[in-house]
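Dear colleague,

I am passing on a structure that you have not seen before, and I would be glad if you could look through it with the notes that follow.

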Amino acid sequence: AQSVGAWAEGALWTATAKETLELAVGMVFGAHPDRISMLFFLSYVKAAGGLVQLLETRGAAQDSTLRGGAQQLSERLRGAVEAAGGEVRLDAPAERVVAVGP
């Protein structure tokens, strides 16, 4: 599989273009282009509606945050599991996952 970085080396001519792509990939994925597969990158960009949609801040992927932080999602999920009589184990592999519902 080809990385975004390897593709950029062969396809982009200027240092500015390569640096811009590196910044964009870093902003969206938090990783260097050498660490992201080109197939994943293209699929992700297409699903988002384009690279601009991923990079814009107003009304785009970087626009929203969770008040109270993302940690509250796992805390509330744990609370719901325990309230339903379930158990949450940390530092343990999942042996099975049971889905109930439609």
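**The largest pocket**

In this predicted model, the residues that line the largest pocket are Glu 87, Arg 89, Ala 92, Pro 93, Ala 94, Glu 95, Arg 96, Val 97, Val 98 and Val 100. Sorted by class, this lining holds six nonpolar and four charged residues, with no polar ones, and the space inside the largest pocket comes to about 430 Å³.

**How the helices pack**

Turning to the helices, H1 covers residues 4-11 and H2 covers residues 15-29, and the two pack with their axes 10 Å apart at an angle of about 165°. Since angles over 145 degrees count as roughly antiparallel, H1 and H2 are therefore described as roughly antiparallel to each other, and their crossing is right-handed. On the H1 side the contact involves Val 4, Trp 7, Ala 8 and Glu 9, which meet Lys 18, Leu 21 and Val 25 of H2; by class, that contact has five nonpolar and two charged residues, and no polar ones.

H2 also packs against helix H3, which spans residues 38-48, and here the axes come within 13 Å and cross at roughly 70°. Because angles of 65 to 115 degrees count as roughly perpendicular, H2 and H3 are therefore placed in that class. Leu 21, Val 25, Val 28 and Phe 29 of H2 make this contact together with Phe 40, Phe 41 and Tyr 44 of H3, and by class it consists of seven nonpolar residues, with no polar and no charged ones.

With best wishes

How values were computed
Residues numbered from 1 in each chain as written. Predicted model: local features only at pLDDT ≥ 70, side-chain atom pairs only at ≥ 80, totals over all residues. Heavy atoms only, no water. 1 Å grid on protein atoms, 1.4 Å probe; cavity = no way out; pocket = protein on both sides within 12 Å on 5 of 7 lines; lining within 4 Å. Points joined across faces, edges and corners; volume = space filled by probe spheres on them. Nonpolar A, V, L, I, M, F, W, Y, C, P; charged D, E, K, R; others polar. Axes fitted to C-alpha atoms, helices over the stretch in contact; angles between N-to-C directions. Helix = DSSP H or I, 4+ residues; strand = E, 2+ residues; numbered from the N terminus. Parallel < 35°, antiparallel > 145°, perpendicular 65-115°, else oblique. Left-handed = near helix turned anticlockwise from the far one by under 90°. Contact = heavy atoms within 4.5 Å.
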